[in-house]
Amino acid sequence: MADLFLRSGRGLVTVMAVFWLVFLVAPIVVTLASSFTSSTYLTFPPPGWSVRWYLSAFESEWVWSTFWNSVVIAVVSTTIAVALGIAAARVLARHRFYGRGAFEYAVLSPLVIPGVVVGFALLNVSVLIETQDAGLLNLIIGHTMVTTPFTLRSVWSSMAGSEISLEEAAQSLGATRWSAFWLVVFPLIVPGIVAGAIIAFTFSFNDVTISAFLSAREARTLPVELMSHIEYLPDPTPAAVSSLMIVITLAFFLLVERTVGLDVFADR
Amino acid sequence: MSDVEVSGVSKRYDDLWAVKRVSFTAPAGSFTSLLGPSGCGKTTTLRLIAGFAALDEGEVRIGGKPVDALPPWRRNLGVVFQNYALFPFMTVFDNVAFGLRRRRVPRGETAARVAEAIDLVGLPDLAGRYPRQLSGGQQQRVALARALVIRPEVLLLDEPLSNLDAKLRAEMRFELKRIQRETGVTSIFVTHDQEEALTLSDQIVVMNLGTVAGAAAPKSIWEQPESAYVADFLGVENLFPGTVGDGAEDDGTVAVSVSEGSVTLDVAAARPAEAAVVLGIRSGDIKMWKVDSKRALDGPNELAGTVREFTYVGSAVVYQVDCAALPRPLIATVQEEFAVGESVRLHLPPGAIKLLRPDAPAGGSGARP
């Protein structure tokens, strides 16, 4: 009985592995391969090989301007999300208060609400507060809202390992409230902060759905610009840009794996 | 060294009094234990002294100075936590040096004092290790060294031995006593273990439902507990409510009739103010013979009983004996062996029976749900 259960479980894992390879890894391979095509339109398999579309990407003004927009938005929103995440995680990990559950759900809700809904809602809010033309500001606010749940969760789970008694011990030894946090708690939650920051950055840098709603004409992100480019033009430049983004994202995760380990993403 | 005066201290969490008007004094250089079951308010009392929580009523004075307005980092107290609370990413040296660095002690002096503290707690050559590389007993010693190196006015210990196994706990008990004697630091020790409290303390403060149920030196609290609650917590197995008779005795004894029983026992004690008392006798003080024993009586207070059950504890045998004259079975610890169902004669020496004050229902406070 248990044996059958175990064996069927193993079978399921094998099937899953195959599905993941086919439907997730394969498209990445196709994108990477077709970005090196020598033809002027996207085909797979490519008729010949060249790096001309990478050169084209580096020479395109639209790639660079939207790339820098994306970087600025990702850096600023990640920084704010990390700061908010640390503050909120500390409160949630240390205190029991009335409305704690509601607060938790409110902050974590962007994890379960579809991006389209969040994007549409934020667009409406920006119209309401008349910031609809300040695209960069809207994007930073929107990305911060959506990425804070990630930083909060990972900081929170790393804080679970640091008992309140550590802070109290530091205080009894002469550390003020602030230096007790800085000297004793902060070093313990660095892995959570790094993991949360990388997820937040990657999410912000790759997001299309929410950004599509919030991008004004002069403030478009790279993924949004890629989308519209693919819609109207057949040239393979977007494939080259996409490939670069895949590589950057993979490099990020490799960095986490090497520095703090991927298990920081595990739930508490 | 400083004394600690806790006067009329109360702490409320929502509508629950965690401690209610607790008062005691820990004399300078003494070792005081706060003893009681979980939820009795002993840890809360310690946290109020340390400044980790703000008190709602009363005052704590250390060395004569009120400390309630001071945050924990200005009280100069050493605290040892139940889980040790060692900083996991710091070496033993850095853990112990933490308090000295906060005080901006010069580097050379820091090194010397850390070495001295590590030496005091008997941790040779482990200064470079991390807490996770140490055993529970070693972590305990580091926590002690870290708390003592700052030369605190008072050392607060929150059940520091409860996470150790029995053998190590016995060993650390001696170590704790040695270290306290060598440093002479005023110590307040929270425990639920009566044996720990008895062996370590100069003074035991027994707590119940957020209040002090009794405070005395170990010997006097062992020999004459103040109340039935204190006696119960200090392992007096047999407790029977009773009423002191009116008859005037002139031989230094009083006659007490056992409630819901059919016997009057002579107790070698002065007549108490109240007639309602609780009779207490330790199982080891009860004598027990076979029913056909020709042995003469030592005095009054002989009962007949039947052995209901026994447990062998190595050095002796603990018997549960049904007595027709008593409302509940008697617990007796003796060397001799008896069989289950055997009829026996029991003797309760008048000098071994304690007259105890019955506890007011629920102690008048700490109304726990």
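**Chain contact and nonpolar cores in a predicted model**

Trainee: How many residues does the contact take from chain A and from chain B?

Mentor: This is a predicted model, and residues count as touching when their C-beta atoms, placed from the backbone, lie within 7 Å. On that basis the contact draws on both chains, with 15 residues from chain A and 16 residues from chain B.

Trainee: Which element provides the largest share of the side of chain A that touches chain B?

Mentor: Two elements of chain A give two or more residues to that side, namely helix H7 (164-172) and helix H8 (177-206). By class, the side of chain A that touches chain B holds eight nonpolar, five polar and two charged residues. The largest share, seven residues, comes from H7(A).

Trainee: Which element gives the most to the largest nonpolar core?

Mentor: The largest nonpolar core has 139 residues, and those with the most contacts inside it include B:Ile49, B:Val96 and B:Leu279. Leaving aside residues up to four places away in sequence, B:Leu279 touches, among others, B:Phe240, B:Val256 and B:Ile353. With 12 residues, the element that gives the most to this core is H8(A).

Trainee: How many residues are in the second, separate core?

Mentor: Among the members of this second core are A:Trp53, A:Ala57, A:Leu226 and A:Ala240. The core is separate, and its residues number eight.

Trainee: What percentage of the residues of chain A count as buried?

Mentor: Chain A has 11 helices and zero strands, and its C-alpha atoms fill a box of roughly 70 × 65 × 30 Å along the principal axes. A residue is buried if 20 or more other C-beta atoms lie within 10 Å of its own. Of the 268 residues of chain A, the buried share is 35%.

Conventions: Residues numbered from 1 in each chain as written. Chains lettered and ligands numbered in written order. Predicted model: local features only at pLDDT ≥ 70, side-chain atom pairs only at ≥ 80, totals over all residues. Contact = placed C-beta atoms within 7 Å. Helix = DSSP H or I, 4+ residues; strand = E, 2+ residues; numbered from the N terminus. Nonpolar A, V, L, I, M, F, W, Y, C, P; charged D, E, K, R; others polar. Core = buried A, V, L, I, M, F, W, Y, C linked by C-beta atoms within 7 Å. Buried ≥ 20, exposed ≤ 12 C-beta atoms within 10 Å, placed from the backbone.
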